[in-house]
Amino acid sequence: MAFMHVVSKGVRDHASFRRFADKPRGCQNTFREFKKMIRLDDIRIFVHTADYGSFSEAARQLNIAPAHASASVQRLEKALDTRLFTRSTRSMQLSEAGERYLPHARAMMGALAQGEQALANGRGALSGPLRLSAPSDFGRNLLLPWLDEFQHRHPGLSLHVKMSDRPADLVRQPLDAVVRYGALPDSSLLAMKLADNNRRALCAAPSYLERHGAPSKLEDLRRHNCLRYVWSEQVHERWRFTPPGGERVVAVTGNRISDDADAVRRWAIAGEGLVYKSRLDLIDDLKAGRLVELFPAAYCEPAPLHLICAHRAQLTPTINELLVFLRERCAALLASHPLGDARSA
């Protein structure tokens, strides 16, 4: 009898499931949606895996087992009914669907961080990670000490800073914002000005000028050793100027090139040639007499400085506070060294 009771119970359970399956379409949709429920942890692990290129490295960053990371991404793929990665025995990379989904996954993680930040603000403190990218020279010599002060004001923040003269990818890389000079090639990004009145400055060390003299006009640059750097895979060797007669471009040459603009500035200080880069980066050297400004500021190419986010969802209270803070520091630095006397160019 006991055996028959169990069998009949199983039959009743099966019948119950069939009745559920035969319910109106709305109930069936609810059941399917329940089965496809997406976990935020799975999205977070997917984003880390995309950033670090492997389950093992993503797991190490998150302090979880690699098998956990792999199972999490597989669960997300099942819920989305698509493959997010193409895998082989030696490598893995985002699939076409994964490339499309990644920006939305980042946006979800950003919204979650915003919610956490909003709660923290209610308690009167900024907290959480602040992930930035900045050019090498500005980053090392100006931004780092400024960020020290900013973090001391807000000790709940943790800093993740990348310094490179290669343009950062705000969509693919785990960044909250980037600091960048010049005009933006991508108008879809959200750019907030830090120093609108900044320009490049043409400079040389006193020791170089003693040996080679100073250029008196733009054409003279062709006979000088011009120190160049690489930006966005291209050598910056067509120097733009804005004299009264209109914009001029001078193709320059020299015996040194670096993919690190800080190295180029150091070469100029050592007397190895002329440097043409953001005046913000050079002000401390001009004030100390390590470099001499050769042409009037109005003759040099504008170099506005921006704080850039991928979209407005990244405008967290931390980013807004950082924006105000960096604007103040840039304005104070530019005001600390008045423009020199104009020379003929």
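The lining of the largest pocket divides into 18 nonpolar, 13 polar and six charged residues (Ala, Val, Leu, Ile, Met, Phe, Trp, Tyr, Cys and Pro count as nonpolar, Asp, Glu, Lys and Arg as charged, and the others, Gly among them, as polar). A pocket is an open set of points on a 1 Å grid over the protein atoms alone, where a 1.4 Å probe fits, with protein on both sides within 12 Å along at least five of seven lines; lining residues have an atom within 4 Å of a point. The model is predicted: local features need pLDDT of at least 70, side-chain atom pairs count only at pLDDT 80 or more, and totals for chains, interfaces and linings use all residues. Residues are numbered from 1 along each chain as its sequence is written, and side-chain values use heavy atoms, without hydrogens and water.

Of the 37 residues that line the largest pocket, Met 109, Ala 113, Pro 129, Arg 131 and Asp 176 are the closest to its centre. Helix α6 supplies the largest share of this lining, 10 residues (helices, H or I, of at least four residues and strands, E, of at least two are DSSP runs, numbered from the N terminus).

The second largest pocket is lined by 28 residues, and Tyr 181, Arg 200, Tyr 229, Trp 231 and His 236 lie nearest its centre. Its lining comprises 13 nonpolar, five polar and 10 charged residues. Arg 200 also stands opposite Ser 278 in β13. Strands β7 (residues 200-204) and β13 pair in the antiparallel sense over four bridges; pairing requires at least two bridges found by DSSP.

The protein chain averages a pLDDT of 83, where pLDDT is the predictor's confidence in each residue, from 0 to 100.
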